[in-house]
Structures are given as C-alpha cells and as structure tokens.
Amino acid sequence: MSSTTRRSFLASAAGLAAGAVAHRAIAAEGQTPDQMLDELMRENQENDATSFDNASRNVRLPKKSLPTLSPSTAETTQTSIAQYETVVAKGGWPDVSPSADGLRVGAKGPAVPALRQRLSIAGDLELNSGDPAVFDSYVDAAVRRFQVRHGLHSDGVIHEPTLHALNVSAERRLGQLRTNAVRLKALTGNLGSRIVVANIPAAQIEAIENGVAVTRHTAVAGKPDRPSPDVRSKITQINFNPFWTVPVSIIRKDLIPKMQAEPDYLTKNHIRIFDPRNNELQPSQIDWYSAEAVNYKFKQDAGDFNSLGSMKINFPSPDGVYMHDTPSKNLFGEDFRFASSGCMRVQNVRELVYWILAETPGWSKADIDEVINSGERKDAKVAKPLPLYWVYVTAWATPDGVVQFRDDIYNRDGVS
C-alpha cells in the first residue's frame, strides 16, 4: 500500500469536518459505496433509540449527488484549508497505537481513549459520547464513517488500512488540501453539462449531468509503476463484445514472461497470434526467450474470459488508454484498486454505457442488453461525444461539508 491513505472527511459547523457514510464489510463482489450509503441511511431510519447513528445525530451524512469535479467543489476545498490550519495549530490529532489493530465494537483497552480523541478531533465522533474506555456503538458508527470517508471498506474494525489512515498526520492532510485546491481550480472551467470524470487516486468514476453525479462507479486504475494518465478527451464509441489486441508494452512486460513459465497460457486464454500479413501462427513457432514476440499481433477472442469483458469505452488518447469491463469482478471489492496497466476497469459498466448512449438513437437499454446477450461483435458511435476527464485529486471538499482524502498513489502531491 502507498504511503498515504485513502480517506474522506466531513466538516461540522464547529470546525472540522465530519462524518461520512457507512458500508459494512462486503463480499468480494461487494456493494458500491452508494449502495452502502443507502444501507446506512436505511438502518438509521429503521433502528430505535439505541441505533449507532443516534450517537452522532449532529454528524452529517454526505450527499451522493455531489460530484468530485465542479466549481463549487473547488471553492469549498479552498475554504476547508482554514479548518485544517486550525486543527494543526492546536496540535493536530494523536496517533492511535498499533495495539488498536483488530479492535471492534465491544472491546476495551488503553488504545480506545486515543482512538476516541482522534475521531472526535476529526469530527466523526461527538465529544462525550459514551464511556471513554469502551469501543461502543458510538465508536463503531464513527469508525465506519471514517472508513468510508477515506475510501476504505467500512466494517467498523480497526484493521491495518484503517489504522494507517488514522495515523496520517493533520499536517499532511492540510498539505494535500493546499495542493489539490490549486488542482481543482485549474480543472473546473467550462466542463460541459454531461461529462464523465474518473478520479484516479479514488479509483472512482462519475457520470455528471448538470452538476449532479447521477451514477458513480468503483474503478481499478493503473499500477504505481504503470500509472493511469491525466486525460482530457471525448467519449466517441462503445465496443460491445470486443476483441482485445494486446499492447506491445504488455507483450513485453507480461505476456513473454507468462509464456516462458506457462507454454499453454495463450491457448488457455483464447489469445491468437498473427504475423504482419495477418497469417495465424502457433505459440510453438515463436522463440519466447527473445524479443521476437513483439513483432506479432496478439488478439484475444470475445467472450466471458476476455480481458475487456463485454464492453469497451473508447476516446482519443495519445497514451492509448480506454475504459472497459472486466471478468475479474473481485478486484472491485479491494481497498487497494491499482492493478491495471494504465486503463480503467469499471464496475457496473453497463449502467455507465446506458447513460453514455442515452442520447444516441437506436441504443436503448433494451438494444444494449440484446447485443451484449447475443455475443455479437458490434460498435455504437456516440451521437454527441461526451467530455471525459481523468484527474488526479487526492483531497476535495463538497458543498455539504464533506472533505475526502485518498492515497497519493503516484506520489504527485509533493507532501512529506
């Protein structure tokens, strides 16, 4: 995991920000953050006076509809700097002891008071809520808010990623806000009324219409050594049931070593080899212990096994990147979602494609479902190409008072 941790942060009227939403620990195929927010809201409405959320009734839940990228976000991010300056001037927040690892509701111990203090200063836990020595329902609610606000799966348990996030200093968070306030100001101009924004450090994609995030998707972004680039482009085409032509960089870095270790790798993964004249070759015809393989085209057949899944979202890019489905759905359930070679894998990509093609005649939801289910290789040209932005934002504040933080996964913040 990178040295900075993914986090979100809520601001209350008293000063710092507070409380985010809560998703419970989820299975590998898991829920989206928005689904988990819905679950928390439902619990809050249904439970009685002992409900965990009544412990923090003045800590606001974030609004799902507020996008990461907007002029108002740039403004509130700048405003939040003063709040963090106040926290830093008062000494920041305490470190939480490694002995807190594994703590959950019902626990007692010397680490709990410091945990309570840390959560209170951040605004996740109201002061004087419950017994100071007990990890009770008040603390459970606050921890789960903290986890969601920091982009972590919210199970209310102080596991290693949560402990790491808790112990990022207030000074560092202040530095991130200062850096990202400048980024956001530069990014928020005339973006367009219908846009798609991928925030790389958050590994998250938003479809934004008239300033409202109408749908939000968990993503898998580029590895630290194969980073996803910043992008300003327009979505022009959707490929259904696509083939995958393996990029030269992946042939060199991944495919050749795979074939050296597993000679049947290409056959098992339905990847075929073609020479420059488009003649098909057999794997046995290539010397896998040389650079010969980079001279050929490697094409994976369409199907459930295809690395692009059932859909690929195209846009002009000098880096040759794109967004796509994936057969590896389990990756969306991870806290650390930086596993691609630069492209973006999109959870629930069909919902995003529905929205992208909503203004393209002949591509209703039923039409999209039909072509996907048929397995037919087909393309849809987007009638009104949609502005697309891949941005690098590790700290931002939305107008509801929520300040969010994420890992500086590519070490671009310049914050020590």
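1. Why is helix α9 (residues 349–356) largely enclosed by the rest of the structure? In this predicted model, 6 of the 8 residues of helix α9 are buried, so the helix is largely enclosed by the rest of the structure. The buried residues are Val349, Leu352, Val353, Tyr354, Trp355 and Ile356.

2. As to the overall make-up, the chain contains 10 helices and 16 strands. It has 416 residues, of which 55% count as buried.

3. The contacts within the chain may be described by sequence separation. Taking contacts between residues at least 6 apart in sequence, 71% join residues at least 24 apart.

4. Thr188 is located in the loop that runs between helix α6 (170–187) and strand β2 (194–199). Is Thr188 buried or exposed? Its relative accessible area is 15%, and buried means under 20%, so Thr188 counts as buried.

5. When neighbours within four places in sequence are left aside, Thr188 is in contact with Leu69, Ser70, Pro71 and Ala74.

Notes:
Residues are numbered from 1 along each chain as its sequence is written. This is a predicted model: local features need pLDDT of at least 70, side-chain atom pairs count only at pLDDT 80 or more; totals for chains, interfaces and linings use all residues. Side-chain values use heavy atoms; hydrogens and water are left out. Buried means under 20% relative accessible area, exposed over 50%, partly exposed in between (1.4 Å probe, protein chains only). Helices (H or I, at least four residues) and strands (E, at least two) are DSSP runs, numbered from the N terminus. Contact means heavy atoms within 4.5 Å.
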